[in-house]
Amino acid sequence: MMISCEKAADICNKAQYKEASLWEKVKLKFHFIVCTTCAEYSKNNTKLTSLCNQARLAVLSDEEKKKMKENFNKVK
Amino acid sequence: MKIKNLNPNKWVDLYADYLFNYAVTRVSDTEIAKDLVQDTFIAGLKSAKNFKGESAERTWLIAILKRKIIDHYRKSNSKKGKAEVRMSYNSQLDAEGNWMEERIADPNSNFENNILENEELGLAIQNCISKLPKKQAQVFTMKTIQGMETEDICNALEINASNLWVMIHRARTSLMGCLNQNWF
């Protein structure tokens with residue numbers, strides 16, 4: 001039931017990508033009761049996730065960048 | 001002091017995503033945005049001799065991109081002139097109330113503000129990502145923005161899952177610190 005802060009951070013990160021199991025999340029919640037630092041970290045981590053979603057970030061794929069470089073090299 | 005400090009070979013790797021985000025929020029079409037970014041790089045190369053080194057490379061490229069976006073709208077507007085525009089004051093003929101009042105924007109709406117804020121936020125995050133070590137930025141982008149599966153990223157980059165989570169952890173911690181001042 002007791003987990004280290006490293007383990008807590010690991011679960012917390014996985015939870016941001018919905019990759020933490022229910023049992024892991026229970027252990028995490030339990031850890032927060034005894035560790036306010038991790039609770040605070042988790043709060044900020046979740047905030048980061050929601051900011052990333054809110055910003056609806058877009059990136060070019062590697063394929064698109066490669067093509068862009070090729071086009072760019074033609075004019076150089 | 002170096003007067004000119006341009007490095008076109010690295011432009012695509014360093015700035016393509018940042019410029020793409022900037023463009024995509026303004027033209028809301030990924031294909032057009034991509035073309036505009038490409039045009040910006042080419043225009044930047046052609047006018048590289050005009051770069052005075054007063055601003056950062058990225059700021060300079062953004063300035064070019066801004067002009068490309070304006071040009072894009074000018075072009076599409078001149079096409080639009082040929083179409084007929086019909087506007088009715090109200091589509092429902094029997095609607096009650098004052099039409100003028102109904103036309104005026106809702107003062108309580110913060111729709112526009114949200115768009116502006118999200119755009120700034122997007123650039124702020126992109127800026128913070130660009131400050132991360134290259135590998136961390138790559139892993140974070142693949143996982144968070146492209147939404148790739150852990151396994152696929154591990155295969156693509158030839159790392160194991162615990163390596164990936166360590167990098168994700170470092171990237172997220174740095175990003176929290178970087179965004180801390182304005183967004184938390």
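## Largest pocket

Helix α1(B) makes the greatest contribution to the lining of the largest pocket, supplying 6 residues. Helices, like strands, are DSSP runs numbered from the N terminus (H or I, at least four residues, for helices; E, at least two, for strands). The model is predicted, so that local features need pLDDT of at least 70 and side-chain atom pairs count only at pLDDT 80 or more, whereas totals for chains, interfaces and linings use all residues. Residues are numbered from 1 along each chain as its sequence is written, chains are lettered from A and ligands numbered from 1 in the order in which they are written, and side-chain values use heavy atoms, with hydrogens and water left out.

The volume of the largest pocket is about 770 Å³. Its lining comprises 25 residues, of which Lys65(A), Asp13(B), Asp17(B), Lys134(B) and Ala137(B) are the closest to the centre. Two or more lining residues come from each of α4 (62-75) of chain A and α1, α5 and α6 of chain B. By class, the lining has 11 nonpolar, 6 polar and 8 charged residues. Here Ala, Val, Leu, Ile, Met, Phe, Trp, Tyr, Cys and Pro count as nonpolar, Asp, Glu, Lys and Arg as charged, and the others, Gly among them, as polar.

Pockets and cavities are found on a 1 Å grid over the protein atoms alone: a pocket is an open set with protein on both sides within 12 Å along at least five of seven lines, a cavity is a set of points where a 1.4 Å probe fits but cannot get out, and lining residues have an atom within 4 Å of a point. Grid points are joined across faces, edges and corners, and a volume is the space filled by probe spheres set on the points.

## Cavity

The whole structure contains 1 cavity of 30 Å³ or more.

## Interface of chains A and B

The contact (heavy atoms within 4.5 Å) involves 39 residues from chain B and 32 residues from chain A. About 3,500 Å² is buried between the two chains, with 67% given by carbon and sulfur atoms; buried area is the accessible area (1.4 Å probe) that two parts lose on being put together, summed over both. Val12(B), Trp165(B) and Arg172(B) account for 19% of the area that chain B buries against chain A, more than any other three residues.

Between chain B and chain A, 16 residue pairs are in polar contact, both residues at pLDDT 80 or more. Such a contact is a pair of N or O atoms within 3.5 Å; within protein, one must be able to donate a hydrogen and the other to accept it, and residues adjacent in sequence count only if both atoms are side-chain atoms. On the side of chain B that touches chain A, α8(B) provides the largest share, 9 residues. That side divides into 21 nonpolar, 12 polar and 6 charged residues.

## Salt bridges

Over all chains there are 8 salt bridges, each a side-chain nitrogen of Lys or Arg within 4 Å of a carboxyl oxygen of Asp or Glu. The interface of chain B and chain A has 4 salt bridges. Lys69(A) and Asp13(B) form a salt bridge through their side chains at 3.1 Å, N to O. Within chain A, the side chains of Asp10(A) and Lys14(A) pair at 3.3 Å, N to O; both residues belong to helix α1 (residues 5-16) of chain A and lie 4 residues apart, about one turn of the helix.
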